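Here are some notes for a colleague who is opening this structure for the first time. They are set out as numbered points, to be read with the model in view.

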Amino acid sequence: MTSVARRPAPARHAGAEAYPGHRQPAVPPRSGSSRGPRARPRAVRPQKEGGRVSARVVLSVITLGAIAVIALWWHSTPDVSGLGGWLTGAGEALGLLAGYGVVVLVALMARLPPLDRGIGADQLARWHAMGGRYVVSVVWAHALLIVWGYAVQAHTSVTGETATLLTQYPDVLMATVGGFLLLGVGLISMRAARRRVRYETWYYLHLYTYLAIALAFSHQFADGAAFVSNLAARFWWSAMYLTVAVLIVWYRFAVPLRAFARHSFHVIGVRQEGPGVVSVYIGGSRLDELDAEPGQFFRWRFLTRSMWWSSHPYSLSAAPGKDVLRITVKDLGDHSQALARLRPGTRVLAEGPYGAFTATGSGRGVVLLAGGVGITPLRAMFATLPGPVTLIYRASSPQDVVFADELDAIAAARGAVVHYVIGSRAELGGDPLSPRVLRSLAPGLDQQDVYVCGPDGMTSAAITALRAAGVPKRSIHRESFEF
Amino acid sequence: MRRVILTIVGTIAGLVALLSFKSHLPTVPSASVSNTGGSTSTGGSSTAGSSSTAGTSGTGGSPAPSSSAATVPGEFPMGSLAGKLPAGETAVTGHVATTVYGPVQIQLIMRNSKIVKVAVLQQPMNTANDIQIGEFAFPKLIGETLTAQTAKIDAVSGASYTSAGYIQSLQSALDNRA
């Protein structure tokens, strides 16, 4: 009866901003509420279609913005001639793209509800990580091309031109400091470095990106040929930066504080679910107004002396109740250990709900495929999804299985099936989630919706197997907590 | 890894395509000369010839470009010299030549029908890079002018628009010399 939490700790994140939150579903405490674990499938709220945007729409908007940026460059560039002209022209175009790219990267992480609900925080974080590498590269390509191009145009050395740029050009020195900050943040986010850095360290160093963007802002208008004599361009560019800044302040600060004031989140109790696994019950008022769904997660900030300064994403590990939410966390880091010592009454700031890993309401049968700690959000969905449900639960050892009692009880009550696939690959003699095995565990697999949650490697392998078993891509829903 | 390579290659290809479109445009820079500029202001004082006191008239036509520009570092005279000429020299101011980067206007200092100095009254100054290009280009252009004594001089590579504006303004000054 345990569930697991998303991994708080450093271990494998590729590195974007949302530490992979793995969301654990919350269920009302068994004893406290009159309802106990939900035995009967309950009708799922029809999915709110409004307020979600699809990945295609978002990518189209980002692309259109990039085209507009290139058009701005085109408009401000008379022509390109000679080596110096080519280098400078490329440097200017990349500089504009970088100035646009940082805004997009920040906007992706602004926790905008339509993005989080429509695309999912884990997918956004993957985009942010990929885009971040790209933008940092573009920033530096811009800097180097400009230095080189100006040096060629002025017939000076690259070293001399670097000194000239830093000392004579307005605000270039500040922008250079910003560029180094961005580079530093990019480096610690790379996979290899990421493993050695604590989550909190990584998170707080990431905040320097705001400083970097602020430092680099003014050199765009002071030195950029596209802006110096174009008031309209300066206006719209500023408006873009300002809009994203307002969204950040609103959704990352104002909204959580407002929710705290309205719902008064606080710890009700902590329960040891098994070795190294704890559930935390969080109470509050009017929680139904949150419209949280099984499969979603919140970012939690426990207001104790040692924990108030960082927030962590944990999935609800049971269907959200009217006055209580549950998260379940596996003991993987300092933070999750500290959770076990939480006292009832501790106040909590909760941001959310986040995540697009929710029931689609298609009315078809559903297969839930959990890997290890990935059971938590699926535990909540298992109790609440309508229609026939099959749960396949992959764990590498019996100790790693959490929530077994709850899962069995739910299965018995609703006539659903749970398959435990436990043991190492060697012990099981082959691929435990091969297309053949999957088809035999879940007959009619290719006609059903499949929800996969687990570590990144497991979800990728499982999706490959599901595709091979004939499940269409659009029927596969993935939540990966390591992103 | 494949995606990384594709992204890099795609970005470079996109940039090259974009820039080559721009470089296929007519590459001869143009500068238009506006008659409203400083054309009428031949230096050397209203008393034509070349007599003693040099032209106070140089200030006449051109829109006071000099004073602020004087703070910009450069190896060439900036701003009108008309007010402080020794005897025997006259100032002749050229038209304002408009380039895509900004206006260019020069002033010739003549002695015995020879160009002895060239001052820059206006130059593109929108960005620090414009100024840096000017610092590099104008000394060369002025050197060529003093040697050639005509407007038939070569443009400076990397500063083709500025060169075109300079040559236009120079030509108009020479035309006004009479």
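Predicted model: local features only at pLDDT ≥ 70, side-chain atom pairs only at ≥ 80, totals over all residues.

1. A:Val366 sits in strand S7 of chain A, which covers residues 366-371, and it counts as buried because 25 C-beta neighbours are found inside 10 Å, where the cut-off for a buried residue is 20 or more.

2. What is the order of the strands in the open sheet of five strands in chain A? The order is S9-S8-S7-S10-S11, and the pairing is parallel. At the edges are strand S9 (417-422) and strand S11 (476-480) of chain A, each of which pairs on one side only. Neighbouring strands of this sheet are turned against each other by 15° on average, with direction ignored. Within the sheet, S7(A) pairs in the parallel sense with strand S10 (residues 449-454) of chain A over five bridges, and A:Val367 stands opposite A:Val450 in S10(A).

3. A:Tyr451 deserves a separate look. Not counting residues up to four places away in sequence, A:Tyr451 touches A:Phe357, A:Val366, A:Leu368, A:Leu369, A:Leu378, A:Met381 and A:His477. In the largest nonpolar core, which has 159 residues, A:Tyr451 is among those that touch the most other members, together with A:Leu368, A:Phe382 and A:Leu391. The largest share of this core, 18 residues, is given by helix H4 (residues 121-154) of chain A. The core lies between domain 1 (55-256) and domain 2 (366-480) of chain A, because both domains give residues to it.

4. On the scale of the whole chain, the domain assignment of chain A gives domain 1 (55-256) and domain 2 (366-480), and the C-alpha centres of these two domains lie 41 Å apart. The secondary structure of chain A comes to 17 helices and 11 strands, and 49% of the 483 residues in chain A are buried. Among the contacts in chain A with a separation of 6 or more, 77% are between residues 24 or more positions apart.

5. Is A:Leu342 buried or exposed? A:Leu342 is buried, since 20 other C-beta atoms lie within 10 Å, although its place is in a loop, the one between helix H12 (334-339) and strand S6 (348-354) of chain A. Leaving aside its neighbours within four places in sequence, A:Leu342 is in contact with A:Val267, A:Val270, A:Val280 and A:Phe302.

6. The peptide bond from A:Gly352 to A:Pro353 is cis, with omega near 0°, and A:Pro353 is found in strand S6 of chain A. A:His155, in the loop between H4 and helix H5 (158-168) of chain A, has a positive phi near 55°; A:His155 is partly exposed, because 15 other C-beta atoms lie within 10 Å. A:Phe403 also has a positive phi, of about 65°, although it is not a glycine. A:Phe403 lies in the loop between strand S8 (389-395) and helix H14 (404-414) of chain A, and it counts as buried, with 32 C-beta neighbours inside 10 Å.

7. Strand S3 (residues 96-99) and strand S4 (residues 102-111) of chain B run antiparallel and are joined by three bridges, and B:Thr98 stands opposite B:Pro103 in S4(B).

Conventions:
Residues numbered from 1 in each chain as written. Chains lettered and ligands numbered in written order. Domains from an automatic or database assignment. Core = buried A, V, L, I, M, F, W, Y, C linked by C-beta atoms within 7 Å. Buried ≥ 20, exposed ≤ 12 C-beta atoms within 10 Å, placed from the backbone. Helix = DSSP H or I, 4+ residues; strand = E, 2+ residues; numbered from the N terminus. Contact = placed C-beta atoms within 7 Å. Pairing = 2+ DSSP bridges. Axes fitted to C-alpha atoms, helices over the stretch in contact; angles between N-to-C directions.
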